[in-house]
Amino acid sequence: MSPVVCIGTFSLCRGFYFKDKGIPVTVSLFYDLFFIELHFEPAKLSVIMSFGLFFSGVVADSCDNNGFSCLLPGTMFVLASTFLAQKQAFGLELHLPFAIFACGKGPFKRKETIMLAYTFVEQGRFELREKPRPELQDGRDAIVRVTLGSICTSDLHIKHGSVPRAVPGITVGHEMVGVVEEVGREVTSVKPGDRVTVNVETFCGECFFCRHGYVNNCTDPHGGWALGCRIDGGQAEFVRVPYADQGLNVIPPSVTDEQALFVGDILATGFWAARISEIKEEDTVLIIGAGPTGICTLQCVMLKNPHRVIVCERSEERLRFVREHYPGVEVTTPEGCKDFVLCHSAHGGADVVLEVAGGQDSFRLAWECARPNAVVTVVALYDKPQLLPLPDMYGKNLTFKTGGVDGCDCAEILSLIEAGRIDTTPLITHRFPLERIEEAYRIFENRLDGVIKVAVTGRGR
Ligand SMILES: [Zn+2]
Ligand SMILES: [Zn+2]
């Protein structure tokens with residue numbers, strides 16, 4: 001085989017291999033061409049060089065993000081073989097800078113640009129894929145290295161096709177904490193190195209709704225639930241957060257990642273629900289549903305010190321969890337709920353009802369258990385339309401408040417966690433690394449093994 005064909009084949013192989021991994025190969029290929037063009041005589045040495053680069057790509061591929069030490073020998077090999085090739089052929093001076101440049105564009109570049117991301121492929125199918133690492137797109141963006149994430153029921157809604165605005169191909173996940181890697185020019189509230197919570201809502205902070213604290217209705221085209229739905233989310237190694245000044249909150253040093261994990265989504269939801277429900281100290285409060293959001297709501301309701309809190313839940317396992325962790329709280333089941341509330345309230349029903357279950361009959365149960373002039377807050381997301389039978393409730397004069405979290409209280413929630421007044425860590429029943437997220441989904445989705453919430457640890461923590 002002629003030396004040119006030989007070198008060309010190796011270069012081409014390496015080119016395709018790198019291309020497949022998303023690595024820019026232009027520079028090193030240019031270098032090869034330059035090398036071949038000028039000096040195809042010492043072909044053997046060029047082949048060694050090409051081999052070296054290819055080998056380093058394989059080494060880089062087989063080690064993980066924190067495997068710098070594994071990466072090093074591969075790179076040294078490339079450098080050495082290139083160096084030798086050049087030295088024997090032309091002397092060192094001319095080509096050493098090129099060699100370093102080519103190596104830098106090879107394995108090192110790959111480590112920076114490729115990451116694992118759990119991806120919404122099509123209805124019914126999520127997959128862990130390699131994707132380019134996100135980059136800043138706007139001066140108000142931040143890139144966050146995800147250290148801990150979680151799986152939310154809303155992720156399952158995307159998987160099962162009940163979130164029509166979810167875009168196939170996006171990385172899912174909207175519950176996460178991490179470390180700021182990079183910020184855009186206009187970001188002022190966080191800096192690289194800060195540990196942060198990420199808000200499920202993306203909001204501009206400037207429009208009419210944002211200025212009034214109704215951030216869920218932000219009119220910005222990117223506003224609302226974007227992360228892990230319309231744009232790439234956080235079940236990945238890195239995530240780009242738009243409007244970082246609004247969407248990120250710095251975690252106090254004494255608060256752990258696990259303590260802060262739910263701040264940006266389910267805890268924000270519970271906090272918001274309790275805040276808008278006008279709870280007074282003499283009230284009997286009924287919470288329907290003791291899933292993860294129900295428990296977060298319960299904790300936030302308890303901050304208001306109501307006279308009595310009743311939790312209604314169908315699952316015996318979840319009722320046991322409530323009994324165990326919140327001994328002062330009364331529990332009941334949907335079947336016995338109406339009678340139980342009647343017996344345990346002073347005015348013919350609960351003063352405040354928070355509906356967090358989203359079950360088939362839970363909306364009806366909510367207004368039926370409410371006393372006249374009560375507040376009924378509906379946090380739940382339903383699969384189907386719900387009936388509001390006004391004739392049946394005529395004269396009850398109920399006030400309904402309906403859901404869609406305004407997640408703008410994250411700083412306050414973090415300070416309550418810091419003060420030891422909120423603790424959602426008992427909700428984390430399972431822990432998996434990102435590489436095993438499939439398994440985490442299987443357990444969460446099928447409610448196996450007593451799961452409440454799963455924590456997914458990022459790479460390179
Ligand atoms: Zn969620
Ligand atoms: Zn806005």
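Me: Leaving aside neighbours within four places in sequence, which residues is Met176 in contact with?
Reply: This is a predicted model: local features need pLDDT of at least 70, side-chain atom pairs count only at pLDDT 80 or more, and totals for chains, interfaces and linings use all residues. Residues are numbered from 1 along each chain as its sequence is written, while chains are lettered from A and ligands numbered from 1 in the order in which they are written. Two residues are in contact if their C-beta atoms, placed from the backbone, lie within 7 Å. With neighbours within four places left aside, the partners of Met176 are Val146, Leu148, Gly149, Val198, Gly234 and Val239.

Me: What share of the chain counts as buried?
Reply: The chain has 16 helices and 17 strands. Of contacts with a separation of 6 or more, 70% join residues 24 or more positions apart. Out of 461 residues, the buried share is 46%.

Me: Which residues of helix H15 are buried?
Reply: Helix H15 covers residues 410–418. Its buried residues pack against strand E5 (195–198), strand E9 (248–250), helix H9 (257–260) and H10. The buried ones are Cys410, Ile413, Leu414 and Ile417.

Me: Within what arc do these buried residues fall, seen down the axis of H15?
Reply: The arc is that of the directions from the helix axis to the C-beta atoms. The buried residues of H15 line one face of the helix, because they fall within an arc of 100°.

Me: How many of the eleven residues of H10 are buried?
Reply: The buried residues of H10 are Ile266, Leu267, Ala268, Thr269, Gly270, Phe271, Trp272, Ala273 and Ala274. Their cover includes H11, strand E13 (350–355), strand E14 (370–378) and H15. H10 is therefore largely enclosed by the rest of the structure, and its buried count is nine.

Me: At roughly what angle do the axes of H10 and H11 cross?
Reply: Two packed helices are described by the angle between their axes and the distance between the axes. Axes are lines fitted to C-alpha atoms, for helices over the stretch in contact, and angles run from 0 to 180 degrees between N-to-C directions. The axes of H10 (residues 266–276) and H11 (residues 292–302) come within 8 Å, and they cross at roughly 45°.

Me: How are H10 and H11 placed to each other?
Reply: Angles under 35 degrees count as roughly parallel, over 145 as roughly antiparallel, 65 to 115 as roughly perpendicular and the rest as oblique. H10 and H11 are therefore oblique.

Me: Which residues of H11 make the contact?
Reply: On the H10 side are Ile266, Leu267, Thr269, Gly270, Phe271, Ala273 and Ala274. On the H11 side are Pro292, Thr293, Cys296, Thr297, Gln299, Cys300 and Val301.

Me: How far apart are the C-alpha atoms of Ile452 and Pro292?
Reply: Ile452 lies in the loop between H16 and E17. Its contacts, beyond neighbours within four places in sequence, are Pro292, Phe321, Leu427 and Thr429. Ile452 and Pro292 are 160 residues apart along the chain, yet their C-alpha atoms are separated by 6.4 Å.

Me: Is Asp449 buried or exposed?
Reply: Asp449 belongs to the loop between helix H16 (437–445) and strand E17 (453–457). Its phi is near 60°, a positive value in a residue other than glycine. Because it has 9 C-beta neighbours inside 10 Å, Asp449 counts as exposed.

Key:
Helices (H or I, at least four residues) and strands (E, at least two) are DSSP runs, numbered from the N terminus. A residue is buried if 20 or more other C-beta atoms lie within 10 Å of its own, exposed if 12 or fewer, and partly exposed in between; C-beta atoms are placed from the backbone.
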